[in-house]
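Hi everyone, thanks for making time. I'd like to walk you through one model today, so let's bring it up on the screen.

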Amino acid sequence: MLFRQLFDAASGTYSYLLASRKGGEALIIDPVLEKVDRYLQLVRELDLKLVKAVDTHIHADHVTALGALRDHTHCITVMGEQARVDVVSMRVTEGDTIGIEGLALDVLYTPGHTDDSYSFLMKDRVFTGDTLLIRGTGRTDFQNGSARAQYDSLFNKLLKLPEETLVYPAHDYKGETVSTIGEEKRFNPRLQVKSVDEYVDLMSKLNLPNPKMMDVAVPANMRQGLAQEEIARKGWARTPADVMKALDDANLALIDLRERSERDKVGAIPHSINAPYTDLVMNIRPGGILHELARASGKEIVFYCAFGERSAMAVRAAREAGLSNTTHLHGGVDAWRKAGGALVH
Ligand SMILES: [Fe+2]
């Protein structure tokens, strides 16, 4: 496995680059905007293909690189379903898995620092965001934080993991890089409380100043810009109503770009063909199934995904590959469902 802990000194942020092999797919957790060039260089040097960029929560102390990485690599951007952020193209919740070639992250909902805080468990290690820090815990006094919820996330979820589980947090300000669940249980001063009320009391007395970047970072992180806005301006988007009208039209092929887990959970638009976004480049080149489908059938290809972000990037890529009769469902299955569209399992 390839595992890199990357540091942004200005914000004390750790980002993690993961891949199962050199030359394979990669995923990055909590990337920082100022470090994008470094990440892209490392991805090139290790011959990796960045396919997913994940944030553990909306950060208040730095601007996320999710939007920039999406624009550079066309990767899938992932956050929890509670995150009020536009850039997200895949939303996850407790019990989901975030997969790339050869690696899987189990998704744990661990609110408290913020209401959109998640942790990700990968075999022997857990990425705890700002929920559990080394000898500390993330503050709970802004962004819908809750010390009570955090106590529950810590004591009833993270601390229940095997003691030898490695803890990789989103931040450290003292140069610590890694800990374990057992070590934190014994030596983390915030975890030596006897009850939830004691923890709430402790957290209420911290009196921390707001992060320097907060007024800039939070709004910037909520509005990274949508890939689909520009696609709509070009006239390459279809509304749910358009697609509903055309569903029985034999001249239209609906392509579901989501992953199997998303389809299983939410359902799919009837009569659609599944071709996951991560295989897109292969599928749209000559000889690929979508290329041949478009050429042989003459049908209009309508891509869709969960929110319209992956499908917007797919339309652009398909058109660049010479498939001009391609559009996408604006807003994805989310908009489809809100418009009363049928879904099948
Ligand atoms: Fe945070």
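One term before we start: when I say contact, I mean heavy atoms within 4.5 Å. And please keep in mind that this is a predicted model.

Let's begin with helix α1, residues 36-45. Its buried residues include Val-36, Tyr-39, Leu-40, Leu-42 and Val-43. They span an arc of only 160° around the axis, so they sit on the same side of α1. What covers them? Among the elements covering the buried residues of α1 are β1 (2-8), β2 (13-19), β3 (25-29), β4 and α2. On the face turned away from that buried side, you'll find the exposed residues Asp-37 and Arg-44. Just after α1, Asp-47 adopts a positive phi of about 60°.

Now to the metal. Which residues coordinate the iron ion? They are His-57 through NE2, His-113 through NE2 and Asp-130 through OD, at 2.1 to 2.3 Å. Along the chain, these donors follow the spacing H-x55-H-x16-D. His-57 is in the loop between β4 (49-54) and α2 (66-73), and Asp-130 is in the loop between β10 (125-129) and β11 (132-133), so this pair ties together parts 73 residues apart in sequence. His-57 has 1% relative accessibility and therefore counts as buried; Asp-130, at 7%, counts as buried too.

Last, the packing. The largest nonpolar core has 41 residues, and Leu-18, Ile-98, Leu-105, Phe-127 and Phe-303 touch the most other members. Helix α12 (residues 309-320) contributes the largest share of this core, five residues. Apart from it lies another core of 31 residues, including Leu-69, Val-85, Met-214 and Val-218.

Note on methods
Residues are numbered from 1 along each chain as its sequence is written. This is a predicted model: local features need pLDDT of at least 70, side-chain atom pairs count only at pLDDT 80 or more; totals for chains, interfaces and linings use all residues. Side-chain values use heavy atoms; hydrogens and water are left out. A nonpolar core is a set of buried Ala, Val, Leu, Ile, Met, Phe, Trp, Tyr and Cys residues joined through side-chain atoms within 4.5 Å. Buried means under 20% relative accessible area, exposed over 50%, partly exposed in between (1.4 Å probe, protein chains only). Helices (H or I, at least four residues) and strands (E, at least two) are DSSP runs, numbered from the N terminus. Donors are N, O and S atoms within 2.8 Å of the metal (3.2 Å for Na, K and Ca); water is not among the atoms, so sites may look incomplete. The arc is that of the directions from the helix axis to the C-beta atoms.
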